[in-house]
Amino acid sequence: TGDGQFVAEYGIPGSEPDSNSTEFFGQVAEIEIDGEANEVYLADGYRHKRVAVIDLNTGAFKRYWGASGDRPQQFRGPVHCAIPSNDGLVYVCDRGSDRIQVFREDGTYVREVYIAPETLARGSTWDIDFSNDPEQKYIYLADGQNFKIYVIDRESLEVLISFGGGGRQPGQFYAPHSIATDSQNNIYTTETYEGKRIQKFVFKGMKSVPSGHQGVPWPEGTL
């Protein structure tokens with residue numbers, strides 16, 4: 001509830017991994033609420049390799065799918081985000097495969113894009129959010145392995161630019177884990193492992209910039 005009172009839980013602690021289960025989940029990485037459809041999307045996740053959808057009010061299991069809309073085992077995982085857009089699509093981070101897959105809300109596969117496909121270790125696609133305009137024209141992607149944020153054209157899935165770099169100073173990152181935007185298109189990032197912080201990047205409007213990696217957006221007065 002709004003005052004922090006426990007209401008209910010879903011799943012069976014300690015259950016063996018079963019990506020086809022309709023009774024329990026396997027270390028969910030992230031949830032996203034679609035209030036209009038009254039549904040919750042689960043990036044399920046670390047032990048399971050799928051997207052699962054439950055009813056917002058009752059928690060009833062509704063549907064699930066894996067990579068390319070098939071059985072869940074095809075995701076390499078962890079399935080680290082599952083974010084519905086305003087136009088009926090769902091964007092899924094298959095982190096270990098360095099890719100974003102796009103589906104319709106019923107799990108029908110649409111397309112995919114690989115981001116920094118040479119990335120090893122924990123992969124490049126950690127979390128996404130959209131720009132706050134009616135078309136949600138841009139995707140912002142947190143890449144926790146390469147310490148970057150990518151700006152992606154949602155229509156073409158083309159990477160337009162990236163910014164950031166490894167380090168502890170403002171504008172740098174140590175494993176950016178989650179990303180979110182607000183109503184003014186400011187960007188917020190969290191960092192895991194030894195990063196242990198939240199950063200805010202203020203939207204300054206639109207202008208032409210060279211493609212490629214922008215580097216670190218140093219705040220005024222730091223250099």
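**Stop 1: the whole chain**

Before you click on anything, keep in mind that this is a predicted model. Show everything as a cartoon and look at the secondary structure: you will find 16 strands and zero helices.

Along the principal axes, its C-alpha atoms fill a box of roughly 55 × 40 × 35 Å. The radius of gyration is 18 Å, which agrees with the value near 17 Å that a compact globule of 223 residues would have.

Of the 223 residues, 47% count as buried. If you draw contacts between residues with a separation of 6 or more, 44% of them come from residues 24 or more positions apart.

**Stop 2: a four-stranded sheet**

Hide the surface and go to the open sheet whose strand order is β5-β6-β7-β8. How do its four strands pair? The pairing is antiparallel. As a reminder, strands of a sheet pair through backbone hydrogen bonds, either parallel or antiparallel.

Select residues 79-84 for β5 and residues 109-114 for β8; these are the edge strands, and each pairs on one side only. Look at the sheet from a few angles as well: on average, neighbouring strands are turned by 20 degrees against each other, ignoring direction.

**Stop 3**

**Stop 4: the disulfide**

Stay with these two strands and show the side chains of Cys81 and Cys93. A disulfide joins these cysteines, with an S to S distance of 2.0 Å. Cys81 is in strand β5 and Cys93 is in strand β6, so the link ties together parts that are 12 residues apart in sequence.

If you search the rest of the model for others, the count stays at one disulfide. Next, look along the S-S bond: the angle about the bond is 70 degrees, and the link between Cys81 and Cys93 is right-handed.

One last check before you leave: bring the surface back around this pair. Are Cys81 and Cys93 buried or exposed? Both are buried.

Notes
Residues are numbered from 1 along each chain as its sequence is written. This is a predicted model: local features need pLDDT of at least 70, side-chain atom pairs count only at pLDDT 80 or more; totals for chains, interfaces and linings use all residues. Side-chain values use heavy atoms; hydrogens and water are left out. Two strands pair if DSSP finds at least two bridges between them. Axes are lines fitted to C-alpha atoms, for helices over the stretch in contact, and angles run from 0 to 180 degrees between N-to-C directions. A disulfide is a pair of cysteine sulfur atoms within 2.5 Å. Buried means under 20% relative accessible area, exposed over 50%, partly exposed in between (1.4 Å probe, protein chains only). The radius of gyration is taken over C-alpha atoms; the globule rule is 2.2 Å times the number of residues to the power 0.38. Contact means heavy atoms within 4.5 Å.
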